[in-house]
Amino acid sequence: MTAEGVSRLDELATEFADDLTALTRGVLGEDTPRFAALNMGARVRVSPISADERELRIPISINDEPVLSLRARYFCCWDGSSTFLATDQADIHLHYAGIPDPLIRFEYVRNSKEPPGAHIQVHAHRDEMAYLLRLADAGRPRQGLRRRKLPRLSEIHFPVGGHRMRPALEDVLLFMKREFAITTAPGWRAVIDERLRNWREIQLMSAVRDAPEAAAEALRALGYTVQPPTVIRPRVADEDVKLYWP
């Protein structure tokens, strides 16, 4: 990658970091740690960091008591056409205060086939699920023998919407407000609603580029006049207009 390309990638990742800072401070308050972009060579990490570049968790309060924390980390890269910023990996982990293992993990890996690229893992322990995992091990004797441990619910990757319609950080914040009644800043709902609308539109535009003929057919069915371009650019299945999580 040229020096100019690296500089532009850093610039776009920094804009993304500023967007995430505005989102989390608009929902959780102005004391929320700032996101920053850190170039790591082939990728740029975007996460809340301290002055000495240590990764920080975002404190989450319930009834104004900080009982949860959120680890939000993204790795950014160019898309397949080297035109748009893309998510290479995203990790959003919800923790109970002082406990190293997360309660829930919302994760995305761009080029993953198995497990699904966008998935949720729940760190809980239910006998029924453990039993099913043990039965699954019977069909994978080498894996079961290699692990030599009891299965855990957290090992299951629950798929969530695929590459395009995966949850965003806004969805995770809204989930915590709805389920745990977390403490939020005044006007938090308007911030999330606006950002979610933007996220859905961004992903919709990306999906249209994934399948332009299907999009054109749908528009024609609605009465629009759609003509194919004189020069058709090769489709790049993984490009993103802009980067959000997840």
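Analyst: Let us start with A86. Its relative accessibility is 0%, and buried means under 20%, so A86 counts as buried. Keep in mind that this is a predicted model.

User: Where is A86, and how far is it from C76 in space?

Analyst: A86 sits in strand β5. A86 and C76 are 10 residues apart in sequence, and their C-alpha atoms are 5.8 Å apart.

User: Why is D88 called buried?

Analyst: D88 has a relative accessible area of 16%. The cut-off for buried is under 20%. The value 16% falls under it, so D88 is buried.

User: What does D88 touch, leaving out residues up to four places away in sequence?

Analyst: D88 lies in strand β5, residues 85-96. It touches R43, F75, C77, Y108, V109, R110 and N111. Each of these counts because heavy atoms come within 4.5 Å.

User: Why is G26 called buried?

Analyst: G26 has 17% relative accessibility. That is under 20%, so the label is buried. G26 belongs to helix α1, residues 3-28.

User: Which residues are in contact with G26, leaving aside neighbours within four places in sequence?

Analyst: They are A185, P186, W188 and V191. As for A190, it is 164 residues from G26 in sequence and 9.2 Å away in space, C-alpha to C-alpha.

User: Why is H123 called partly exposed?

Analyst: H123 comes out at 25% relative accessibility. Buried needs under 20% and exposed needs over 50%. The value 25% lies in between, so H123 counts as partly exposed.

User: Where is H123 found, and what is it in contact with?

Analyst: H123 is in the loop between β7 (118-122) and α2 (127-138). Setting aside neighbours within four places in sequence, its contacts are P102, L103, R105 and S154. P102 is 21 residues from H123 in sequence, with 6.6 Å between their C-alpha atoms.

User: Where are E53 and N63, and what phi does each have?

Analyst: E53 is in the loop between β2 (44-48) and β3 (58-62). Its phi is positive, about 70 degrees, although E53 is not a glycine. N63 is in the loop between β3 and β4 (65-78). N63 is not a glycine either, and has a positive phi of about 55 degrees.

User: How do you know that the span of α5 is close to the expected one?

Analyst: Helix α5 covers residues 188-210 and has 23 residues. The expected span is 1.5 Å times one less than the number of residues. That gives 33 Å, and α5 reaches 33 Å from first C-alpha to last. Helix α4 passes the check too: it has 12 residues, and its reach of 16 Å is close to the expected 16 Å.

User: Which residues are buried in α4 and α5?

Analyst: In α4 they are L169, E170, D171, V172, L173, L174 and M176. In α5 they are W188, I192, R195, L196, W199, I202, Q203, S206 and D210.

User: How do α4 and α5 pack, and which residues meet?

Analyst: Helix α4, residues 169-180, packs against α5 at an angle of about 145 degrees. Their axes are 9 Å apart, and the crossing is left-handed. On the α4 side, E170, D171, L173, L174 and K177 take part. They meet W188, R189, I192, R195, L196, W199 and R200 in α5. These contact residues divide into six nonpolar, six charged and no polar.

User: What about the whole protein: how many helices and strands, and how many residues are buried?

Analyst: The protein has six helices and eight strands. Their order along the sequence is α-β-β-β-β-β-β-β-α-α-β-α-α-α. Of its 246 residues, 42% are buried. The accessible surface is about 13900 Å², and 56% of that belongs to carbon and sulfur atoms. Among contacts with a separation of 6 or more, 60% join residues 24 or more positions apart.

Terms used:
Residues are numbered from 1 along each chain as its sequence is written. This is a predicted model: local features need pLDDT of at least 70, side-chain atom pairs count only at pLDDT 80 or more; totals for chains, interfaces and linings use all residues. Side-chain values use heavy atoms; hydrogens and water are left out. Helices (H or I, at least four residues) and strands (E, at least two) are DSSP runs, numbered from the N terminus. Buried means under 20% relative accessible area, exposed over 50%, partly exposed in between (1.4 Å probe, protein chains only). Axes are lines fitted to C-alpha atoms, for helices over the stretch in contact, and angles run from 0 to 180 degrees between N-to-C directions. A crossing is left-handed if the near helix is turned anticlockwise from the far one by less than a right angle, and right-handed if clockwise. Ala, Val, Leu, Ile, Met, Phe, Trp, Tyr, Cys and Pro count as nonpolar, Asp, Glu, Lys and Arg as charged, and the others, Gly among them, as polar. Accessible areas come from the Shrake-Rupley method with a 1.4 Å probe; for residues, only the protein chains shown count as cover.
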